[in-house]
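This explanation goes through the structure step by step, from one chain to the other and then to the place where they touch. Keep the model in view while reading.

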Amino acid sequence: MNLDFSDDQKFLQDEAKKFFDKEGGLANARAVMDNSLEGDEKLWQKIIELGWTGVRIPEDYDGLGLGHLELCVIAEELGRSLAPVPFSSSVYFFTEALIKFANEEIKSELLPKLVSGDAVGTYGIAEDTHQATESNLSVTVTSEKISGIKIAVPDAGIASHMILVVKSESGTDLRLVDLDDTSVTVTPQKNLDTSRAFFKVEFKDTPSKLLGETGKGWTYIQHLLDQAAVLFAFEQVGGSQAALDMAKAYSMERFAFGRQIGSYQAIKHKLADMYIAVTLAKSNCYYGAWALSSESAELPLAAATARVSATKAFQLCSKENIQTHGGNGFTWEYDCHLFYKRSKVLSVLLGSEATWKEKLVSNLEKINTLAKG
Amino acid sequence: MDFNDTPEQAKFRAKCREWLEANAELKENKSGGHADSTLEDHLKVAKAWQQKKYEAGWAMLHWPKEYGGIEASPIERIIWGQEEAKFNVPGGIFEIGLGMCGPVMMQYATEDQKDRYLAPMAEGKEIWCQLFSEPAAGSDVAGLRSKAERDGDDWIINGQKVWTSGAHYSDFGILVVRHDPNLAKHKGLTFFFVDMKSPGITVKPIKQITGQAGTGAGFNEVYFDDVRIPDSQRLGEIGDGWKVAITTLMNERLAVGDARGSDIEEALILSKTKDDAGEAMIKNDSVREKLADWFCEANGLKYTKFRTISALSKGEAPGPEASITKIVSANKLQEIGNFGIDSDDMAGMLIDENDGVSSFQGAWLGAPGLRIAGGTDEILRNVIAERVLGLPQDPRADKGLAFKDIPTKA
């Protein structure tokens, strides 16, 4: 039994933690928020220099050629520091899509650029405020040209390329577009967490390239979502732990009625419940990491479990961190709202808690017997 | 990451398996436990099984070699436990003796006493119990009031213990009592072992909310009326009772662990098979939401345990993550029991004439006890907050007071 990261992976995580602390920790997210930026380009450049955008890219394409577990430990630290960079869009989705589904020509052209930072990718699924399904997609492709509108596209301001699911003659395609093409209009959209940027992306006869086979786009995007769900869950666990640490530190320094508020059971039990939620989420994430890295058939169930558990943990920890801080927690000045807002964005970005619970249970329905713990 | 044994662990597992297959029957299905008709029969079967294990060297794996153990590592104990659980064998009788009383005796008893008591304990010939909790001392167990007064070479014990598992069939017990109420709460305690057949000891089974009393490893009240214990049966110095007790209590919290009973598997099977207004319950959105929540909890606990085992497997000290197990599993058990009962709608309260209480009804009836035994939910949250997160202790109204001056009522 070895449900743990290797010493090398733990070392990488430790390096990542030190890196984000040294670069200013939460101050970066706050600066992006206060100055209405689309992301922290300096921090992003440094991440590129560390080689992390190429963690999963094979060495033949200038990447590090490492596995998903290395990505998991970086994700946890990105989550802890709320780093305002397009890492998840470009690395968890775009890069994975190319590695899995692109032809050699696309790979040779784009993978080295993703490593060097000359290309940044994102992804488009949502089209309106209803849940996107295979049957309600309205963005279409005809003769390789895409028309229609995707919304809530993360990081489209900094991204050079995008993958998106579109309706095609054979069903659904997963397609690649160049966002610098003049037929594409990218417009910022206001959102709850201004340390992250979201966009409306409009296509008018935009040239595109097919990824994988035509008609299989919906299956592909579900697989990419499952993979990304595990990585986002690690981000959520990192954020949960940071919010719990912040609540704990404050409960030790704040006095009320002549005692540290952390000596009251009302606060202790609140923090214990946060610890329980983080611990369950983390263990579910380890299961997800195992399924992701071993390309197990259990990935859809493992991903949904990690995702639901981590969403619940981050939402609980971020809201109760504010509560523990009392009035201070409601001020812009204290960092509590950074976690609260990021937890909300992360909880809907891949589909809501209810959506993933539904995925979880439909996977359970397919299984006849569960192995006993 | 993988879920495989190391070569040495696989070898040990095969050894366990080989002996178990030669000496016990595999469970036919995973819900099949050991069917015991009466307590006497159950004890007879349990003692015979313990004797068999003792003779083959499986009875007390973790004990030191000088007392007949093999000094098994924690991971080997886990592997033995996993394999033994697959067989239809009796359990629940010797855990307190081997897990708590034996180690205390090894540390504090004289060489003669160890020679006299440890082997019969390991062999299953003598059963031991633990006498700590009292009617007025549960979560605050150091507030116990049973008295020990010195009389020559003896101590005279008066008072009452409660929630003593197995006292009704135990031969010996370990006991904490107050030798001096003028000292502070934790300072005035002393630790003994006692012959449960001593004159003046009365054992009364507790009737639980399940309606059960004196069945299996059930709970008891134990009354002490002028019970004489020789000073030679004192474990540790006079006044060191709390220190001796705390190590055994830590063992208990680890031992209680998982709440057994209806879990997500049974809830899922019920939801798939049971009809709700013309379609399977699992088609109902509120049922789906509950199943998702329980699966996240059950799966989270399963992999939390795997993380602990992984650390032990590498010879590392596990993190504090296992501290969440009992709170989460006992509450989940209560919810799933409730769900199973509700699934019968207007008839949910009825008990089957032939089969008796269903596993869901049993879970619902038993879960309140599990949320209390071995540390209440509230005490365990304090433990997580104080020992894991490092929050300050509550200010205590009894601090610095002699025990006799501590307030007990308004």
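The model is predicted. Start with chain A, which is divided into domain 1 (7-116), domain 2 (121-215) and domain 3 (218-366). Look next at how two of these domains sit relative to each other. The centres of domain 2 of chain A and domain 3 of chain A, taken over C-alpha atoms, are 28 Å apart. These two domains touch: 12 residues of domain 2 of chain A are in contact with 10 residues of domain 3 of chain A. On the side of domain 2 of chain A that touches domain 3 of chain A, there are five nonpolar residues, four polar residues and three charged residues.

Now take chain A as a whole. In secondary structure, chain A has 11 helices and 10 strands. Along its principal axes, the C-alpha trace of chain A spans about 75 × 55 × 40 Å. Of the 373 residues in chain A, 56% are buried. The contacts can also be sorted by how far apart the partners lie in the sequence. Among the contacts in chain A with a separation of 6 or more, 74% are between residues 24 or more positions apart.

Chain B has 11 helices and nine strands. Its radius of gyration is 23 Å, close to the 22 Å that the globule rule gives for 410 residues, so chain B is as compact as a globular protein of that length. Taken along the principal axes, the C-alpha atoms of chain B fill a box of roughly 75 × 55 × 45 Å. Buried residues are 36% of the 410 residues of chain B. Of the contacts in chain B between residues at least 6 apart in sequence, 70% join residues at least 24 apart.

Chain B is divided into domain 1 (7-91), domain 2 (128-254) and domain 3 (257-374).

The crossing of α1(B) and α3(B) is right-handed. Which residues of the two helices meet? From α1(B) come Gln9(B), Phe12(B), Arg13(B), Cys16(B), Arg17(B) and Leu20(B), and they meet Ile75(B), Glu76(B), Ile79(B), Trp80(B), Glu83(B) and Glu84(B) in α3(B). By class, this contact of α1(B) with α3(B) has six nonpolar, one polar and five charged residues.

The last step is the contact between the chains. It takes 44 residues from chain B and 40 residues from chain A. On the side of chain B that touches chain A, at least two residues each are supplied by α7 (264-273), α8 (285-313), α9 (325-342) and α11 (377-388) of chain B. Which helix gives the largest share of this side of chain B? The largest share, 20 residues, comes from α8(B). The residues of the side of chain B that touches chain A are 24 nonpolar, seven polar and 13 charged.

Terms used: Residues are numbered from 1 along each chain as its sequence is written. Chains are lettered from A and ligands numbered from 1 in the order in which they are written. This is a predicted model: local features need pLDDT of at least 70, side-chain atom pairs count only at pLDDT 80 or more; totals for chains, interfaces and linings use all residues. Two residues are in contact if their C-beta atoms, placed from the backbone, lie within 7 Å. Helices (H or I, at least four residues) and strands (E, at least two) are DSSP runs, numbered from the N terminus. Ala, Val, Leu, Ile, Met, Phe, Trp, Tyr, Cys and Pro count as nonpolar, Asp, Glu, Lys and Arg as charged, and the others, Gly among them, as polar. Domain bounds come from an automatic or database domain assignment. A residue is buried if 20 or more other C-beta atoms lie within 10 Å of its own, exposed if 12 or fewer, and partly exposed in between; C-beta atoms are placed from the backbone. The radius of gyration is taken over C-alpha atoms; the globule rule is 2.2 Å times the number of residues to the power 0.38. A crossing is left-handed if the near helix is turned anticlockwise from the far one by less than a right angle, and right-handed if clockwise.
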